[in-house]
Amino acid sequence: MTASPISARRRRLSALIRSSGFLALCIMVTNVATYGFQIIAARILGPGQYGGVAAMMSLLLVVGVVQLGMQATASRRVTGSPGQERPIERTVLRVTYRAAIVVGVVMLAASPLVWRVLRLDSIYPALLVAVCAVPLTIMGGQAGVLQGERRWLALAMVYLALGIPRVIVTTAAMWIRPTEGAAMAGVALAQFAPAVVGWWVLRRRTSAVDAAPRSPGTGVDRMRPVVVEMLHGSFALLGFFALSNVDILIARNVLSDHVSGLYAGGLILTKAVLFLPQFVVIIAFPSMSAEASRRSALIKSLALVGGLGVCAILGSWLLSELAVVFIGGDKYTEIQDLLWVFAILGMVLSVLQLLVYSVLARRSRLSAYLLWIAVAAALALGAMQTTVEGLVWAVLSVDAALAAVLLAVTFWRLNQTPHRP
């Protein structure tokens, strides 16, 4: 008599952990862990050393555009080709491994430049950025396949492996040696965890795909369109991440080490607000890739992203003392009155991120050039600033203007597309 209720509870629990809601929860946990690492680093290292770590993490986000481009391409192709998941998976993973090697070699060659431009203590942390780039790129193709197939539980495990090991391993490394190099060594080691989890959840399907007979057109002919689409997607995402991270690079070069460290502390809040609604983009992207549902998916996603952003802005304004504790404590009280501005910047960037993914879902390319125009404008305005306040307002003005233009262009194009039920 008791077996039936127990079985029903098990079925409900199984359905819950396989749902998109559980994925959203895991992504939020990952974001908390990721920014927990930023907070811990800011406290342990202080403004002087933390400025360099923040600059390298921003650079790693920019390098990660290949990963995100690969993920978006894989997800869109799997969503748009029902019944062809396994051949697509094989092609995507082949392109992913090759792209990871290329990105790693490029960053290795660029490490002396990274060392000089970011004014790091040594070349060692720059070399570790190159190491991070390889498993980061591999994760992109794996996550894209899982996202397109809506395998939310497996994708949730990948995202948890991205955030939790980073905060644990890197904190231990910084406690042992509070330097830029130790922090990046911890990040590099932890970065392999999500790639290993991705391989684990895909291993059986990959083996089955490799054992299956290959149809004509497999190989280079099948990989070429994936590479082209990935490059176009990466170009747009590179513009977004360049725009969302160029300000810390400006700060490192136009402000003193202490003041740029304060600005980096404010960006902890900005990035927290930016990535808080990341689950919205991941869950909504397959729907935005389908013509019949892309408009409603975008509207609902914008409403959710905007609502979360407004809550974050009000919280940072009304609870500014608590927000200072969140970004690193008493060492950052000089920017307490500006934290609500950093929160606004994070909300604007989160809206921009959603609009960029909407562009990728439609395979549109024109809007990507607007991002690069905004990067140039941010560089021009930011280079003239001499204070934290001046720099954050200059960057916010550029980003808000771009968001307004992209929003108008996006809905204009959606209205031009005939509805197909």
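Arg-151 is partly exposed in this predicted model, with a relative accessible area of 25%, whereas Glu-149 is buried at 18%; buried denotes under 20% relative accessible area, exposed over 50%, and partly exposed the range in between, for a 1.4 Å probe and protein chains only. The side chains of these two residues, Arg-151 and Glu-149, meet in a salt bridge at 3.5 Å, N to O, and a search of the whole structure finds one such bridge, defined as a side-chain nitrogen of Lys or Arg within 4 Å of a carboxyl oxygen of Asp or Glu. Residues are numbered from 1 along each chain as its sequence is written. Because the model is predicted, local features need pLDDT of at least 70 and side-chain atom pairs pLDDT 80 or more, while totals for chains, interfaces and linings use all residues, and side-chain values use heavy atoms, without hydrogens and water.

Leu-352 touches Phe-240, Leu-243, Asp-399, Leu-402, Ala-403 and Leu-406, when residues up to four places away in sequence are not counted, contact meaning heavy atoms within 4.5 Å.
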